[in-house]
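Hi,

Here is the structure I promised to pass along. Have a look at it first, and then read on for what turned up.

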Amino acid sequence: MHALSWCLSNVVSAARAAAAPPPAVVLVHARSPRPFYYPAVDGAGYLLTQQVMDSMDQYMASAADTVVTKAKSICTAFPGVRVETCVEKGDPRDVICGAAEKAGADMVVMGSHGYGFLQRALLGSVSNHCVQNCKCPVVVVKRPGGEHQAAPRI
């Protein structure tokens, strides 16, 4: 949400100040797919029925809807901005790069979790992948570090 707010405040506002038509904003949310190796019995020995797995999928879909709704509400502060949404199952790296290419994006603005070196090494970095593989410029917006940190200069 911080990256979206930054994008609206800096990119969309700059377009408005230049008397250019406001750009379209495409909100992309990647839902992690259920792993193919998802066991019928979890680590604690509980049998996971199809009903339980379907319930988990419904919860993930509901969570995605909540995130997209919140992001859309942030966009309402900028009238005239056309907002589109894209919610897909898949690896976030592939979903974001694919959505950017499909939309013909001029720029991708995304947030960073702020993971340290070890976490990035173990989990991978979605933003780094997008920087390396998207065909358009990618801006990675870091989370604010706290009140003691100065605001970023633009």
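Leaving aside residues up to four places away in sequence, Ser127 touches Met110, Gly111 and Val140.

Bear in mind that this is a predicted model. The protein chain has an average pLDDT of 80, and 77% of the residues score at least 70. Among its elements, helix H3 (residues 92–103) has the highest mean pLDDT, 94, while helix H4 (residues 117–123) has the lowest, 61. Go carefully around residues 147–154, where the pLDDT is below 50. That stretch has three contacts in the model beyond near neighbours in sequence.

Now for helix H2, residues 50–75. Buried residues in H2 are Met53, Ala64, Val68, Ala71 and Cys75.

What about the cysteines? Cys75 is buried because its relative accessibility is 3%, and Cys86 is buried too, with a relative accessible area of 14%. The search of the whole structure found zero disulfides. For Cys75, the closest cysteine sulfur is in Cys7, 8.3 Å away, so the pair is too far apart for a bond.

Cheers

Key. Residues numbered from 1 in each chain as written. Predicted model: local features only at pLDDT ≥ 70, side-chain atom pairs only at ≥ 80, totals over all residues. Heavy atoms only, no water. pLDDT = per-residue confidence, 0-100. Helix = DSSP H or I, 4+ residues; strand = E, 2+ residues; numbered from the N terminus. Contact = heavy atoms within 4.5 Å. Buried < 20%, exposed > 50% of the residue type's maximum accessible area, 1.4 Å probe, protein only. Disulfide = S-S within 2.5 Å.
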